[in-house]
Amino acid sequence: MTRVAAPCPGRVLPLTEVPDPVFSSAMVGPGIALDPAPEETTVGAPVTGKVIKVHPHAFVIQGEDGVGILVHLGINTVRLEGEGFEVLAQQGDQVTQGDPMVRWTPGNISGEGISTIIPVVALDQPADSVTPTDASEVSPGDALFDVAG
């Protein structure tokens, strides 16, 4: 089992509330979403593992058990071309849960079709493999969901 920690503080939402059908339909995998506070936030690694991909608006960490966890900072934020994000990790890094990955200020992010909701997804896992938290709000490091495996 993989325990996925909250990468930043926020209000917990089901993936169905993410304003993007790729995430809301769990096309890339099951998970949960966070509605972050507007203040500057350092987004941490949700699992211990290897950084497979890192972009200003998203990153993937392959956990020690092989499950890939995607953290996508907002929807359509790729359009910002990195503006408003500070990347703190490198592809290939070995990270421990909670290590800083990206710093951003959700309250400063805006634009047509842009949302600051953060999907946190277990890539390519069966829909019934994720057990989400019952919490309505989480702090960094709080359990967000478990992935069976």
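**Exercise 1.** How many salt bridges does the structure hold?

*Solution.* The model is a predicted one, and the structure holds three salt bridges. Taking them in turn, Arg3 pairs with Asp146, where the closest N and O atoms are 2.8 Å apart. This pair links distant parts of the chain, since Arg3 lies in strand 1 (residues 2-5) and Asp146 in strand 14 (residues 143-147), 143 residues apart. The side chains of Asp35 and Arg11 also meet in a salt bridge, at 3.1 Å from N to O; Asp35 belongs to strand 3 (residues 31-36) and Arg11 to strand 2 (residues 10-13), so this pair ties together parts 24 residues apart in sequence. Finally, Glu86 forms a salt bridge with Arg103, with the closest N and O atoms 2.8 Å apart.

**Exercise 2.** In what order do the three strands of the open sheet stand, and which strands are at its edges?

*Solution.* The three strands follow the order 4-10-8, with antiparallel pairing. Strand 4 (41-44) and strand 8 (85-87) each have a single partner strand and stand at the edges, so one side of each is left without a neighbour in the sheet. Strand 8 is joined to strand 10 (residues 100-104) by three bridges, and Phe85 stands opposite Trp104 in strand 10.

Technical notes
Residues are numbered from 1 along each chain as its sequence is written. This is a predicted model: local features need pLDDT of at least 70, side-chain atom pairs count only at pLDDT 80 or more; totals for chains, interfaces and linings use all residues. Side-chain values use heavy atoms; hydrogens and water are left out. Two strands pair if DSSP finds at least two bridges between them. Helices (H or I, at least four residues) and strands (E, at least two) are DSSP runs, numbered from the N terminus. A salt bridge is a side-chain nitrogen of Lys or Arg within 4 Å of a carboxyl oxygen of Asp or Glu.
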